[in-house]
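Have the model open as you read.

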Amino acid sequence: MKKIISVFILLTLIFCSGYRKPYKYTIDAEKDAFYHNNVGLNYLKDRIYYAAIQEFKIAIQLSPNTQATAIFKNNLGETYTFIGYPDMARICFEDAIKLYGLNFKYYINLIQCYKQLGIIKTKITEFSNTKNPYEKIQLGLLYIESGEVRRGVIVLDEFCMEEPDLLITPAVRQYLKEVTETKL
């Protein structure tokens, strides 16, 4: 009887020991990149700028050259702008536009950065003879920021007429509506 109870207890201990196969961790760089971006946004909300910058950089390194990277670069650029480093922010905004040129917010941020750097006139000269529709967006915004609101509205309106099917066009139209109501 003692042997049966001993065997039963031994079997119970073995089956209930909590032994399980070791967990195999798989790295999902894209998921981890979004995690670091969100942590960076939380740091930014708490005004811990250095930590936010580092988290955005980690997110960019985990997921380089994707559409999501444009978001991470824009967040990094906004952080640099906020702490007073527009030269570093400029690179981030330009990279964000290269990675995903259909987000109008990236263009607004870039033009504000150009304004802080004092290179609006230079950029107007650079983009004045462009055929690239995305550079026309920049040109129109540059004119508006330089005080030539009518000229900027005309350039952006021409863009909307030439490229009605682009994903960015509704955002440009909305911006034009706001500008004409407030600045004209």
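This is a predicted model: local features need pLDDT of at least 70, side-chain atom pairs count only at pLDDT 80 or more; totals for chains, interfaces and linings use all residues.

Now to the first pair. Helix 2 covers residues 29–45 and helix 3 covers residues 49–62; their axes come within 8 Å and cross at roughly 165°. Helix 2 and helix 3 are therefore roughly antiparallel to each other, and their crossing is left-handed. Helix 2 brings Ala 29, Asp 32, Ala 33, His 36, Asn 37, Val 39, Gly 40, Leu 41, Tyr 43 and Leu 44 to the contact, while helix 3 brings Tyr 49, Ala 51, Ala 52, Glu 55, Phe 56, Ile 58, Ala 59 and Leu 62. Sorted by class, that contact has 13 nonpolar, three polar and two charged residues.

The structure holds three aromatic pairs. One of them joins Tyr 49 and Phe 82 in a tilted arrangement, with 5.3 Å from centre to centre and 45° between the planes. Tyr 49 sits in helix 3 and Phe 82 in helix 4 (residues 67–83), so the pair links distant parts of the chain, 33 residues apart. Phe 82 is exposed, with a relative accessible area of 59%.

Is Thr 79 buried or exposed? At 0% relative accessibility, Thr 79 counts as buried. Setting aside neighbours within four places in sequence, Thr 79 is in contact with Leu 44, Tyr 49, Ile 53 and Phe 56.

Ala 68 is another helix 4 residue, and with a relative accessible area of 15% Ala 68 is buried. How far is the C-alpha atom of Ala 68 from that of Glu 158? The two C-alpha atoms are separated by 29 Å, and the residues are 90 apart along the chain.

## Helix 7 against helix 8

Further along comes another packed pair. Helix 7 (residues 120–127) and helix 8 (residues 133–146) have axes 9 Å apart and pack at an angle of about 145°. Helix 7 passes helix 8 in a left-handed crossing.

Which residues meet here? From helix 7 they are Ile 120, Lys 121, Lys 123, Ile 124 and Phe 127, and from helix 8 they are Glu 135, Gln 138, Leu 139, Leu 142, Tyr 143, Glu 145 and Ser 146. By class, this contact has six nonpolar, two polar and four charged residues.

Notes
Residues are numbered from 1 along each chain as its sequence is written. Side-chain values use heavy atoms; hydrogens and water are left out. Axes are lines fitted to C-alpha atoms, for helices over the stretch in contact, and angles run from 0 to 180 degrees between N-to-C directions. Helices (H or I, at least four residues) and strands (E, at least two) are DSSP runs, numbered from the N terminus. Angles under 35 degrees count as roughly parallel, over 145 as roughly antiparallel, 65 to 115 as roughly perpendicular and the rest as oblique. A crossing is left-handed if the near helix is turned anticlockwise from the far one by less than a right angle, and right-handed if clockwise. Contact means heavy atoms within 4.5 Å. Ala, Val, Leu, Ile, Met, Phe, Trp, Tyr, Cys and Pro count as nonpolar, Asp, Glu, Lys and Arg as charged, and the others, Gly among them, as polar. Rings of Phe, Tyr and Trp (its six-membered ring) pair if their centres lie within 6.5 Å; planes under 30 degrees apart count as stacked, over 60 as edge-to-face and the rest as tilted. Buried means under 20% relative accessible area, exposed over 50%, partly exposed in between (1.4 Å probe, protein chains only).
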